[in-house]
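Please examine the protein chain shown below, and keep its three-dimensional view at hand. The paragraphs that follow lead through it step by step.

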Amino acid sequence: MNTAPHRSVLANAVYGLLNPLPFGFFVAALIFDILYVRTAGVLWNKGAAWLIVFGLLLAIIPRFVSLAQVWITSRQLAQRADKLDFWLNLLAIVVAIFNAFAHSRDAYAVVPTGVWLSTITVLLLAIAQVLMAVHDSAREGVQP
């Protein structure tokens with residue numbers, strides 16, 4: 001019987017499917033925030049607020065999968081990059097929660113706080129994605 005630690009195929013599939021989605025929502029929210037600053041059209045602000053909420057909702061499941069894989073079920077397989085990815089994503093989610101609260105303000109009170117928080121969220125997620133891409137390429141032996 002094979003008792004060596006391994007990662008669940010189903011968990012990897014769910015993670016791979018859902019993990020990129022919050023990044024897309026947060027990038028769209030940043031674009032909407034920039035458009036709101038440039039045009040002062042209230043619907044851009046409301047759209048950004050909804051995109052942040054959807055991004056947060058979709059970020060929950062991949063973070064639970066990552067939590068289980070990195071810290072509980074297969075922690076022997078987890079490497080430094082996996083742990084750093086987990087923490088960067090978690091920090092981005094915390095910043096996005098503050099961003100959701102900032103976007104609950106009325107009208108132009110969102111500026112500039114909402115733009116900065118959206119930018120920080122996107123940068124943290126982008127750094128985590130690049131880190132994992134470099135880590136996966138190095139693990140597979142792909143040369144840059």
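Which residues does leucine 56 touch, not counting residues up to four places away in sequence? In this predicted model, leucine 56 touches Phe26, Ile93, Ala96, Ile97 and Ala100.

The protein chain has 144 residues, of which 36% count as buried. Its secondary structure consists of five helices and zero strands, so that, read from the N terminus, the order of elements is α-α-α-α-α. The C-alpha trace spans about 60 × 30 × 20 Å along its principal axes. Contacts may also be sorted by separation along the chain. Among those between residues at least 6 apart in sequence, 73% join residues at least 24 apart.

The next topic is the core. The largest nonpolar core has 19 residues, and those that touch the most other members are Phe26, Ala29, Ile52, Leu56 and Leu124. Helices α2 (20-39), α3, α4 (80-102) and α5 (113-140) each supply at least two residues of this core. The greatest contribution comes from α4, which gives six residues.

The packing of the helices may now be considered pair by pair. Two packed helices are described by the angle between their axes and by the distance between those axes. For α3 and α4, the axes come within 10 Å and cross at roughly 155°. Because angles over 145 degrees count as roughly antiparallel, α3 and α4 are roughly antiparallel to each other. The crossing of α3 past α4 is left-handed. On the side of α3, the residues that meet α4 are Ile52, Leu56, Ala59, Arg63, Ser66, Leu67, Val70 and Trp71. Their partners in α4 include Asp82, Lys83, Phe86, Trp87, Ile93, Ala96, Ile97 and Ala100. By class, this contact of α3 with α4 has 13 nonpolar, three polar and four charged residues.

Helix α3 (residues 42-73) also packs with helix α1 (residues 9-18), at an angle of about 140° and with the axes 9 Å apart. That angle makes α1 oblique to α3. The crossing of α1 and α3 is left-handed. From α1, the residues Ala11, Asn12, Val14, Tyr15 and Leu18 take part, and they meet Leu58, Ile61, Pro62, Arg63, Val65, Ser66 and Gln69 in α3. The residues of this contact of α1 with α3 divide into eight nonpolar, three polar and one charged.

How are α1 and α2 arranged, and how far apart are their axes? These two helices pack at an angle of about 15°, with axes 4 Å apart. Such an angle makes α1 roughly parallel to α2. Tyr15, Gly16, Leu17 and Leu18 of α1 form the contact with Pro20, Leu21 and Pro22 of α2. The residues in this contact of α1 with α2 comprise six nonpolar, one polar and no charged.

The loops deserve attention as well. Alanine 40 lies in the loop between α2 and α3, and glycine 41 is placed in the loop between α2 and α3 as well. Is alanine 40 buried or exposed, or something in between? Its relative accessibility is 45%, and therefore alanine 40 counts as partly exposed. Glycine 41 is also partly exposed, with a relative accessible area of 24%.

Leaving aside neighbours within four places in sequence, alanine 40 is in contact with Leu35 and Tyr108. Glycine 41 and tyrosine 108 are 67 residues apart in sequence, while their C-alpha atoms are 9.5 Å apart in space. By comparison, the C-alpha atoms of alanine 40 and glutamate 140, 100 residues apart along the chain, are separated by 47 Å.

Two features of the backbone complete the description. Most residues other than glycine have a negative phi, and most peptide bonds are trans. Alanine 40 has a phi near 60°, a positive value in a residue other than glycine. A cis peptide bond joins valine 111 and proline 112, with omega about 0°. Proline 112 is found in the loop between α4 and α5.

How values were computed. Residues numbered from 1 in each chain as written. Predicted model: local features only at pLDDT ≥ 70, side-chain atom pairs only at ≥ 80, totals over all residues. Heavy atoms only, no water. Axes fitted to C-alpha atoms, helices over the stretch in contact; angles between N-to-C directions. Parallel < 35°, antiparallel > 145°, perpendicular 65-115°, else oblique. Left-handed = near helix turned anticlockwise from the far one by under 90°. Contact = heavy atoms within 4.5 Å. Nonpolar A, V, L, I, M, F, W, Y, C, P; charged D, E, K, R; others polar. Core = buried A, V, L, I, M, F, W, Y, C linked by side-chain atoms within 4.5 Å. Buried < 20%, exposed > 50% of the residue type's maximum accessible area, 1.4 Å probe, protein only.
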